Amino acid sequence: MDKAYIDFILMYRKSIEKAISEKRADMNTRKVGGDGTGHCRISDPTAETALRNIAPVGTVDVYYGPIINGLRDFRTVYDSERWLRVANETWLYFKRNKNQRYYCLMKHMYIDGLKGRELEKVVGKELHVGRRRCYYMQMSIRRHAYKLGKSLGLRGADGYKKHPRADSILKMFKESGK
């Protein structure tokens, strides 16, 4: 489980949602004739727009952090719509089904951006839990998101697609002694 990637998905879910909607809007620009579109006219623009709206978006670049010299950091999210679903369902699960302590911890972690000792102090005062319990709660949240990702078919739940023959290639290298 890639802890940092799952934290990124849960923290920047609004940015992922915005990136998906922007990419979908770019996909919906009509292309009419020539320039490699394969035809000279569109016979049914409504059907084409509908098909583009239901087509999966795939990858998006999510920009985050401060703007320095006109540039921002970004991270590429593969299977973005499924990761957004994981994030939204994780937030809803802990908001509705679990103890409110988990939801409060999520707000401090992913909305307020608290980490480490600072998070432990705030959560300890507000929720009356110790360091171990705070760590356990964090791992429970990440584990839930990881399991949701696995159930949706996200490989490794780290956002990177694994090469289909990666296991056989690794096995070959181990056998050769390298």
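A disulfide is taken here as a pair of cysteine sulfur atoms within 2.5 Å, and the structure holds 0 of them. The model is predicted, so that local features need pLDDT of at least 70 and side-chain atom pairs count only at pLDDT 80 or more, whereas totals for chains, interfaces and linings use all residues. Residues are numbered from 1 along each chain as its sequence is written, and side-chain values use heavy atoms, with hydrogens and water left out. Cysteine 104 counts as buried at 11% relative accessibility, and cysteine 134 counts as buried at 1%, where buried means under 20% relative accessible area, exposed over 50% and partly exposed in between (1.4 Å probe, protein chains only).

Helices (H or I, at least four residues) and strands (E, at least two) are DSSP runs, numbered from the N terminus.

When neighbours within four places in sequence are left aside, leucine 10 is in contact (heavy atoms within 4.5 Å) with Ala87, Thr90, Trp91, Tyr110, Ile141 and Ala145.

A search of the whole structure finds 9 aromatic pairs, for which rings of Phe, Tyr and Trp (its six-membered ring) must have centres within 6.5 Å, with planes under 30 degrees apart counted as stacked, over 60 as edge-to-face and the rest as tilted. Tryptophan 91 and tyrosine 110 form an edge-to-face pair, at 6.3 Å centre to centre and 70° between the planes. Because tryptophan 91 lies in helix H4 (residues 80-96) and tyrosine 110 in helix H5 (residues 100-111), this pair ties together parts that are 19 residues apart in sequence; both residues are buried. Tyrosine 93 and phenylalanine 94 also form an edge-to-face pair, at 5.0 Å and 85°, in which tyrosine 93 is partly exposed at 28% relative accessibility and phenylalanine 94 is buried at 1%.
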